[in-house]
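Here is a short report for a reader new to this structure. Look at the model first, then read on.

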Amino acid sequence: MWVNVIYLLIGLFLILWGANALIDGSAAIAKRWGVSDLIIGLTIVALGTSAPELTISIISAIKDNADLAIGNVVGSNIFNVLVIIGVTALFRPIKIERSIMTNEIPLVLLSSFVLLVIGNSKLLDSVSIPEITRTDGILLLFFFIIFLRYTFSQVGKEPGDKSNIKDHSAEPSIKAMKMWKASIWVISGLGALIFGGDRFVAGASGIASGLGVSDAIIGLTIVAAGTSLPELATSVTAALKGQTGIALGNVIGSNIYNIFLVLGCSATIRSLPFGDINNIDLLTLTGGCILFWFFGWFIRERTITRVEGGILTLCYIGYLTYLILSI
């Protein structure tokens, strides 16, 4: 049992380190090729922050562990909406731009509804087992391309137009590196992601087996929280500095990337049966997104207050309690 815990911790460390190394190295190479900081932020940095979930889900798909592949994404997205937004709002209310409420957050809702519909294919199409097929995976990737195209279209907005997903002036500065050093960082990052992901999946599956619980439960809880803790720490720190928009950008980008890109890539490798991921999990995700949207529009217009943040956090505690009692 302890060996699996060590695998889990070592795997998580390597995944997080590898993602950072890959981002730094790739960004430095792109910078040397004359790519602007903004484009690097919209592509390499954004994709790099989803690398932990992408690595875990792809390796899980390769190892035919669909519960962990889907549970990782569903659990991470639930954690993002209910915990990251909730806890951040407890520290400082989150003010949301009108354009984000009308453009970006509906995409978060759409992604959760799409997954809910796919998860109920047994009811809608009378199939024997609900699953994310390869066809579904390709369609999810098309949704991701549309989202990416929309994101790039925001680059051409006038400086006074605040319809961008987040304030790009807050993007991390690109570290300058020599080409050989940047290449080493990229190769090392990829290696750490692959090896760390393999150990993480092995450790998570071993813990699930040792505790007598399903891989889905581990994916929805330990794996989801583990890969999202850096974002939580970043968001809370940003909130203390008055930069609550960073938390919003984290959640919007991560939730859309996780479903459209991560599950899209994973499902194209191997069809993913939902297994122990059920409507309670999918409805919690969809309901959390609807609650997030509702709090943004109503009560105190376009602001997630401390009370609302507390409600979101309590919703996650309630969901976690349900998972524990269902073991």
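In what follows, contact means heavy atoms within 4.5 Å.

## Overview

This is a predicted model. The protein has 12 helices and 4 strands. It has 327 residues, and 53% of them count as buried.

The accessible surface is about 14,500 Å². Carbon and sulfur atoms hold 68% of that surface. Take the contacts between residues at least 6 apart in sequence: 84% of them join residues at least 24 apart.

## Helix 5 and helix 7

Two packed helices are described by the angle between their axes and the distance between the axes. Helix 7 covers residues 134–153. Helix 5 packs against helix 7 at an angle of about 180 degrees, and the axes are 12 Å apart. Angles over 145 degrees count as roughly antiparallel, so helix 5 is roughly antiparallel to helix 7.

Which residues meet here? Helix 5 brings Asn 103, Glu 104, Leu 107, Leu 110, Val 114 and Ile 118. Helix 7 brings Asp 136, Leu 140, Phe 143, Phe 147 and Tyr 150. By class, this contact of helix 5 with helix 7 has 8 nonpolar, 1 polar and 2 charged residues.

## Helix 5 and helix 11

Helix 5 spans residues 98–119, and helix 11 spans residues 279–297. Their axes come within 9 Å and cross at roughly 165 degrees. That makes helix 5 roughly antiparallel to helix 11. The crossing of helix 5 past helix 11 is left-handed.

On helix 5, the contact is made by Arg 98, Met 101, Thr 102, Ile 105, Val 108, Leu 109, Ser 112, Phe 113, Leu 115, Leu 116 and Gly 119. On helix 11, the residues include Asn 279, Leu 282, Thr 286, Cys 289, Phe 292, Trp 293 and Trp 297. Counted by class, the contact of helix 5 with helix 11 has 15 nonpolar, 6 polar and 1 charged residues.

## Helix 3 and helix 10

Helix 3 covers residues 51–62. Helix 10 covers residues 245–269. The axes of helix 3 and helix 10 come within 8 Å and cross at roughly 25 degrees. Angles under 35 degrees count as roughly parallel, and helix 3 and helix 10 are therefore roughly parallel to each other. Helix 3 passes helix 10 in a right-handed crossing.

From helix 3, Glu 53, Leu 54, Ser 57, Ile 58, Ala 61 and Ile 62 take part. They meet Asn 258, Leu 261, Val 262, Cys 265, Ser 266 and Ile 269 of helix 10. By class, the contact of helix 3 with helix 10 has 8 nonpolar, 3 polar and 1 charged residues.

Is Ser 60 buried or exposed? Ser 60 sits in helix 3. Its relative accessible area is 0%, so Ser 60 is buried. Leaving aside neighbours within four places in sequence, Ser 60 is in contact with Asn 65, Leu 68, Ala 69 and Val 201.

Thr 221 lies in helix 9, residues 215–240. Thr 221 is buried, with a relative accessible area of 16%; the cut-off for buried is under 20%. Beyond neighbours within four places in sequence, Thr 221 is in contact with Leu 320 and Leu 323. Phe 295 lies in helix 11. Phe 295 counts as buried at 5% relative accessibility. The C-alpha atoms of Phe 295 and Leu 312 are separated by 9.8 Å. Along the chain, Phe 295 and Leu 312 are 17 residues apart.

Definitions and conventions
Residues numbered from 1 in each chain as written. Predicted model: local features only at pLDDT ≥ 70, side-chain atom pairs only at ≥ 80, totals over all residues. Heavy atoms only, no water. Axes fitted to C-alpha atoms, helices over the stretch in contact; angles between N-to-C directions. Helix = DSSP H or I, 4+ residues; strand = E, 2+ residues; numbered from the N terminus. Parallel < 35°, antiparallel > 145°, perpendicular 65-115°, else oblique. Left-handed = near helix turned anticlockwise from the far one by under 90°. Nonpolar A, V, L, I, M, F, W, Y, C, P; charged D, E, K, R; others polar. Buried < 20%, exposed > 50% of the residue type's maximum accessible area, 1.4 Å probe, protein only. Areas by Shrake-Rupley, 256 points an atom, 1.4 Å probe, with all protein chains shown as cover.
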